[in-house]
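Colleague: I would like to learn how to read a model of this kind, feature by feature. Could we go through one together?

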Amino acid sequence: MMTKVQGSPERVLEDALKAKSTAPSTLIKRANSVMLFVDWGRSRGAEDEQLIPFREETVYDYLNFCADERAAPTKAPQFLEVVHLTQTKLGLVPMEEGPHIAGSARRSLNRKAPRVQQAPLSALEVLELEDMVLDEECPLRDRLLAGFATFALHTRTRVGDAAKISQEPSLDVPASGAGFIETPTLRHKSRNSKAARAGPLQVVGSSLGVSGRAWARAWLELRAFHGHNADDDGCLQMGLDRDGRSLKRRITTTELGTWLSRMVQRLTGPLGRRSLGGHSLKATLLSWAAKAGVQEEHRLALGGTSCLLYTSPSP
């Protein structure tokens, strides 16, 4: 049974969110959403007990404020999502809610521009990345980043998750030469799911790739020669300066995506109307699989639930 809570909004929010096994970044975003609402209410002379637990009329006024002030299109819907979370999961008093509440949040969201999905790479672009890893004439930074990008592509891993891997990948390659590059990881976006909590996620990809050449072996040997090791560094890919030296921090998805877009254009020409970035890497093989008619259950095994987002055809 829901009970009325006592205490300041900050204390209620802190205690409620501590009970959730959610990624810290997500908790911070949710907490900020509520505190923006609290600051808005206080600026209008509202007492704390008028703000939390949430009340229909106050929430509606705030949603309308977000819409009228043309705040970020997602601000109102994200706040309403937190309102629902606190009522269904965290034990706060349920709020009476008419259809006008959702309608006001939707009014803000309707101003959001259509999302531009980052495009998958073409087979030619993947070949160029794999060849770059093996090209000894190529600058060190580009070879290392091409190897990391190819790893993320063939293992169908988000760039951010791949960068956080803290165990150096290894090869499982029989005498035939066609094998796998693999490593376990506990640090990934789905780590709070029931399946993920059962143990580490095995990240596995082809060691030969589209080119049929041993890109994975070349990349791991290059990393070892220049002193890069996930076990020692605490992550798989550091940010790199122009000469390929470590910047002592993980690479970001934006950073890798910017490099990828520029490199692909340099290698294969203008992108046209396509948008490339870090998410293009995970999208590539999953998009190819969808285009080839691979059954959904197998694509789910390859890419998790997000595989259903990556169905746009490659060029």
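Predicted model: local features only at pLDDT ≥ 70, side-chain atom pairs only at ≥ 80, totals over all residues.

Colleague: Among the contacts with a separation of 6 or more, what percentage joins residues 24 or more positions apart?

Modeller: In the protein chain, 65% of the contacts with a separation of 6 or more are between residues 24 or more positions apart.

Colleague: Which residues have the most contacts inside the largest nonpolar core?

Modeller: The largest nonpolar core has 41 residues, and those with the most contacts inside it are Leu-121, Phe-148, Phe-151, Trp-219, Leu-256, Trp-259 and Leu-281. At least two residues of this core come from each of helix H6 (123–134), helix H7 (140–154), helix H8 (159–164), helix H9 (215–225), helix H11 (253–268) and helix H12 (279–291). With eight residues, H7 gives the most to this core. Another core, of 20 residues, lies apart from it and includes Val-38, Leu-80, Val-83 and Ala-105.

Colleague: How is the packing of two helices described, and at what angle do H7 and H11 pack?

Modeller: Two packed helices are described by the angle between their axes and by the distance between the axes. H7 and H11 pack at an angle of about 105°, and their axes are 11 Å apart. Because angles of 65 to 115 degrees count as roughly perpendicular, H7 and H11 are roughly perpendicular to each other. On the H7 side the contact is made by Arg-141, Asp-142, Leu-145, Ala-146, Phe-148 and Ala-149, and on the H11 side by Leu-256, Trp-259, Met-263 and Arg-266. The residues of this contact divide into seven nonpolar, no polar and three charged.

Colleague: With which residues is Trp-259 in contact, leaving aside its neighbours within four places in sequence?

Modeller: With those neighbours left aside, Trp-259 is in contact with Leu-129, Met-132, Arg-141, Asp-142, Leu-145, Ala-146 and Ala-149.

Colleague: Is Val-133 buried or exposed?

Modeller: Val-133, which is found in helix H6, counts as buried because its relative accessibility is 0%. Leaving aside neighbours within four places in sequence, Val-133 is in contact with Arg-143, Ala-146, Gly-147, Thr-150, Trp-215, Ala-218 and Trp-219. Val-133 and Ala-216 are 83 residues apart in sequence and 8.5 Å apart in space, C-alpha to C-alpha.

Colleague: Where is Pro-77 found, and with which residues is Pro-77 in contact once its neighbours within four places in sequence are left aside?

Modeller: Pro-77 is part of helix H4 (residues 75–88). With those neighbours set aside, Pro-77 is in contact with Ala-105, Ser-108 and Leu-109. Between Pro-77 and Ala-105 there are 5.1 Å from C-alpha to C-alpha, with 28 residues of separation in sequence.

Colleague: Turning to backbone angles, what is phi of Arg-70 and of Arg-156?

Modeller: Phi of Arg-70 is near 55°, a positive value in a residue other than glycine, and phi of Arg-156 is likewise near 55°. Arg-70 lies in the loop between helix H3 (56–68) and H4, whereas Arg-156 lies in the loop between H7 and H8. Arg-70 is exposed, with a relative accessible area of 59%, while Arg-156 is buried, with a relative accessible area of 18%.

How values were computed
Residues numbered from 1 in each chain as written. Heavy atoms only, no water. Contact = heavy atoms within 4.5 Å. Core = buried A, V, L, I, M, F, W, Y, C linked by side-chain atoms within 4.5 Å. Buried < 20%, exposed > 50% of the residue type's maximum accessible area, 1.4 Å probe, protein only. Helix = DSSP H or I, 4+ residues; strand = E, 2+ residues; numbered from the N terminus. Axes fitted to C-alpha atoms, helices over the stretch in contact; angles between N-to-C directions. Parallel < 35°, antiparallel > 145°, perpendicular 65-115°, else oblique. Nonpolar A, V, L, I, M, F, W, Y, C, P; charged D, E, K, R; others polar.
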